[in-house]
Amino acid sequence: MVGIALPALAWDSFRLEAKGTDNLPNSIIPCNPISKFFTNRPASWPNAAVLLQSSAVHVAVTGGTGFVGKAVVQTLAAQGWKPRLLLRASPTALHSASQHPPSSCRGSQGLEVRRVNFSSRDDVASACRGVDAIVHLVGIIAELGSNTFQEAHVGLTARMLQAGQDAGIRRYLHMSALGTREAARSQYHRTKWSAETLVRASGLDWTIFRPSLIYGTNGGFTAVFEQLSRFSPFLPALGGGRGLLQPIANEQVARAFAEALRTPSAIGQTYDLCGPERLEFRQILEAILSSLGRRRIIVPIPFALARIQARFLEFLWPRLLRRAPPLNRDQILMLEEDNIGNGTAADTAFGLVHPSFRSGLAGRHS
Ligand SMILES: NC(=O)c1ccc[n+]([C@@H]2O[C@H](COP(=O)([O-])OP(=O)(O)OC[C@H]3O[C@@H](n4cnc5c(N)ncnc54)[C@H](OP(=O)(O)O)[C@@H]3O)[C@@H](O)[C@H]2O)c1
C-alpha cells in the first residue's frame, strides 16, 4: 500500500490547489509597485539581445501555476521582468492563479494573467502578442485524457514556437529534462526530445534547459516524502533506491531561466541543470528524514512489483477520480536509469551557486 500511497501524494504535490470554479476573466492581478529593473545589467549589449535593453521586458510564461513555474515567475518578477502568465482556459487554473499569485508579485508592478486555449494556434499566438520573450515550462509526468505526452510536450511546443515566429518574438527559453534523448525508453523523455528538436529547428533565439530532479518549497518530490512520513512508518524506495540523481534547488533552476534572458551567449545552447551531489534515491530519502528529525524504515520495492501497482493505478485513477495516475509505468522506466549530468556550463554561464542537498533542505525549514 505504501507503494500506492506514495505516488498518489507525489502527483498531488505537482498540482496547485484549485478549490473553486470561479470563471475569472483575463486579468492583471494587482500588486504594489516595485523594483529596479536590471540592477545587474551589463553596460553594453550585443545586437542579438536587443530586446533585453528595454526597461520593461514582457515575458510570456507557460506552466506558471506549477511547482517550478511559480519559482520562475517569482524570480523573473523580482529581477524586474514583466511576466505574463498563460494559463489553461480552465476555470480551476484561473482560480488557482488568483488564489496563489507568486509571492514576488507583491513587489512587482502587476502580474498579468491570460487564459489561453492551448489547442488553438490562433489563441496561443494572440496571447503572446506584445511580449518580448517566451518561457515555455509546460510538461506532464503522467497523461490524462487528451493531455498526452505528445500533446503537452510536442504539440504545445510547436504552437508556442509558431506563436514566436508569427509575432516576431525572437527569444525563447524551453524547459526539457535530464535524460531526454532520441532513443530514450520512456515516452516522457522521447517526447521531450521531439520538442527539443522542434525548438532547435525553429530559427528562434532559443535556450534549452534539462534539469535533474528539482526540489524546493511548496511541492516537488521532497514534499511527497515529507507528507508520507507524517503518517507512515515506512518510506518506499522503488527498485531498492540505488538509482543516482542530482537534485537541484528550485531557486537555482529559476535563476538559470532569468539569467539566460540577459545572457546572449546562452542563445543556441542546451544546458544540464544539476545539483552538486550525485545521490542514490535512498540517500535522498535519508536526507529528507534527517531534515525533519524523523526516523522511518526505508523499504525497497522491486520494480516488477511497482509496475503491477502502476498498471493498476493507470486503469483506476482516471476512471474513478478523473485524475492522472499517481504512478505510471513510464515513470518506472525513468526510475530504472540514473538521472545525472554535467551542470558546469550552466553554473558558469548563470552564476548558479548550489547548496548541498542537506543544507538546501534545511534552508526550507528555517
Ligand atoms: N519537477 C521536477 O523535478 C522536474 C524535473 C525536470 C524537468 N521538469 C520539467 O519542468 C516543467 C515544470 O514541472 P513542474 O514540476 O513544475 O510540473 P507541475 O507542477 O505539474 O506544473 C505543470 C504546469 O504545466 C501546466 N500544464 C500541464 N498541461 C498543460 C497543457 N496541456 N496546457 C497548458 N498548460 C499545461 C500546468 O497547468 P495547470 O495549473 O492548469 O495544471 C502547470 O502550470 C515540466 O516541463 C517538467 O517536465 C520538472
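Helices here are DSSP runs of H or I with at least four residues, strands are E runs of at least two, and both are numbered from the N terminus.

A word on the source: this is a predicted model, where local features need pLDDT of at least 70, side-chain atom pairs count only at pLDDT 80 or more, and totals for chains, interfaces and linings use all residues. Residues are numbered from 1 along each chain as its sequence is written.

Back to α6, residues 187-200: its 14 residues reach 20 Å from first C-alpha to last, close to the expected 20 Å, which is 1.5 Å times one less than the number of residues.

Now to strand β2, residues 58-62, where four of the five residues are buried. Strands pair if DSSP finds at least two bridges between them. β2 runs parallel to β3 (residues 82-88), joined by five bridges, and V61 stands opposite L85 there. β2 also pairs with β5 (residues 133-136), again parallel, over four bridges, with A60 partnered by I134.

Zooming out, the protein has 13 helices and 14 strands, and buried residues make up 48% of its 366 residues. Thanks, that's my tour!

Methods: A residue is buried if 20 or more other C-beta atoms lie within 10 Å of its own, exposed if 12 or fewer, and partly exposed in between; C-beta atoms are placed from the backbone.
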